[in-house]
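Subject: Structure for your review

Dear colleague,

Please find the structure below. My notes on it follow directly after.

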Amino acid sequence: SNKNTNTTNNKNNNNDEEYSTTARMQRDTKREGMEHHSHFPRVYLIRHGETEWSLNGKHTGITDINLTENGEKVMREIGPQIVGKGLLLDPKHLAKIIISPRKRAQRTFELLFEPLMEDLDDGSDDDDDGDGGDAEKKGAQIKNNSKKPTSIHPRHPQSHLYPPEISDDIREWDYGDFEGRKSKDIRKEPGFEDWNMWKDGCPGGESPEQIAERADRVVSRVREIHKRAVEARNQRISDGGFSASSAVPPALACDRGVGDVLLVSHGHFLRVFLARWI
């Protein structure tokens, strides 16, 4: 009786293990499918790295200042942790990257995305058509002295991300007469004791209404990308994928169901963007 009980228990345990393994596989497959089909478009906001003025609390609008050595170090360390396959900023989900024209923002992007740029520079292409090693024939990227790709094969899965868009709409608040100054020093001046940038704006610079107008334009653009991505993804699911009879896959990433947007900008602009988004 004990022998039969042990045999039965072992058999049940084996069945449990087999069921557990199968259930895990089904669960993981389902999760991957859900991740592929129901990844809702997002907008990611990145503020540039540390500069001398941001470190000292000075308003930095139109002044084109570099990152500090520590600012560059931090961005290099963070990049591999958040940019890449399966990470927070997964290139396969990114439809658009928009960067401020200020070099502190552009440098921040370059440092964060170094791993991706190196991948592009190496000619990595998940959509390789097997035409052999002739880089010129395949249209692989051309390399310059800085080792950055100046062009990318149009079939590269991340070709739509490079070069990123530089937009004046996401530049920092124009502080006008208060450029390079600290808030505590501004409030020491007669007539500005109760100065509040969010209500009063900056003399010689932008008013809250003016920067809000810029932010609204960006909000509209991002929402349009999201809308088109969701519509395309729903259609793709309905069709069971892009039809073989289609002339070519959609050229725009958002029309392929890819909808995440990344903004690399500045502290005050991004706060305004969030307020207008909500």
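The buried residues of helix 10 are Gly267, His268, Phe269, Leu270, Val272 and Phe273, where buried means under 20% relative accessible area, exposed over 50% and partly exposed in between (1.4 Å probe, protein chains only). These buried residues pack against strand 1, helix 8 (197-200), helix 9 and strand 4. Helices (H or I, at least four residues) and strands (E, at least two) are DSSP runs, numbered from the N terminus.

Please note that this is a predicted model, in which local features need pLDDT of at least 70 and side-chain atom pairs count only at pLDDT 80 or more, while totals for chains, interfaces and linings use all residues. Residues are numbered from 1 along each chain as its sequence is written, and side-chain values use heavy atoms, with hydrogens and water left out.

Glycine 267 lies in helix 10 and is buried, its relative accessible area being 16%. Apart from residues up to four places away in sequence, glycine 267 touches Arg47 and Glu172; contact here means heavy atoms within 4.5 Å. Glycine 267 and arginine 47 are 220 residues apart along the chain, yet their C-alpha atoms are separated by 5.8 Å.

Tryptophan 277 also belongs to helix 10. With a relative accessible area of 23%, tryptophan 277 is partly exposed. When neighbours within four places in sequence are left aside, tryptophan 277 is in contact with Val43, Val219, Val222, Arg223 and His226. Between tryptophan 277 and valine 219 there are 58 residues of separation in sequence, and 6.2 Å in space from C-alpha to C-alpha.

How do helix 9 and helix 10 pack? Two packed helices are described by the angle between their axes and the distance between the axes. For helix 9 (residues 208-239) and helix 10 (residues 267-277), the angle is about 60 degrees and the axes are 9 Å apart. Axes are lines fitted to C-alpha atoms, for helices over the stretch in contact, and angles run from 0 to 180 degrees between N-to-C directions. Helix 9 and helix 10 are therefore oblique to each other; angles under 35 degrees count as roughly parallel, over 145 as roughly antiparallel, 65 to 115 as roughly perpendicular and the rest as oblique.

The contact involves Ile211, Ala212, Arg214, Ala215, Asp216, Val218, Val219, Val222, Arg223 and His226 from helix 9, and Phe269, Val272, Phe273, Arg276 and Trp277 from helix 10. By class, the residues of this contact comprise 10 nonpolar, 1 polar and 4 charged. In this division Ala, Val, Leu, Ile, Met, Phe, Trp, Tyr, Cys and Pro count as nonpolar, Asp, Glu, Lys and Arg as charged, and the others, Gly among them, as polar.

Helix 10 also lies across strand 1 and strand 4, and runs at about 155 degrees to strand 1.

An open sheet is formed by 4 strands in the order 1-4-2-3, with parallel pairing; two strands pair if DSSP finds at least two bridges between them. Strand 1 (43-47) and strand 3 (165-166) stand at the edges, each with a single partner strand, so one side of each has no neighbour in the sheet. Strand 1 and strand 4 run parallel and are joined by 5 bridges, and tyrosine 44 has leucine 262 as its bridge partner in strand 4. Strand 2 (residues 94-99) and strand 4 (residues 260-265) likewise pair in the parallel sense, over 5 bridges. Isoleucine 98 has leucine 263 of strand 4 as its bridge partner, and lysine 96 stands opposite valine 261 in strand 4.

Strand 4 is mostly covered, with 6 of its 6 residues buried. On one side these are Asp260, Leu262 and Val264, and on the other Val261, Leu263 and Ser265.

Elsewhere, threonine 51 lies in the loop between strand 1 and helix 2 (52-56). Threonine 51 counts as buried, at 0% relative accessibility. Not counting residues up to four places away in sequence, threonine 51 touches Ile65, Asn66, Leu67, Thr68 and Arg104.

Finally, the chain as a whole. The protein chain has 10 helices and 4 strands, and 35% of its 278 residues count as buried. Among contacts in the protein chain with a separation of 6 or more, residues 24 or more positions apart account for 77%.

Yours sincerely
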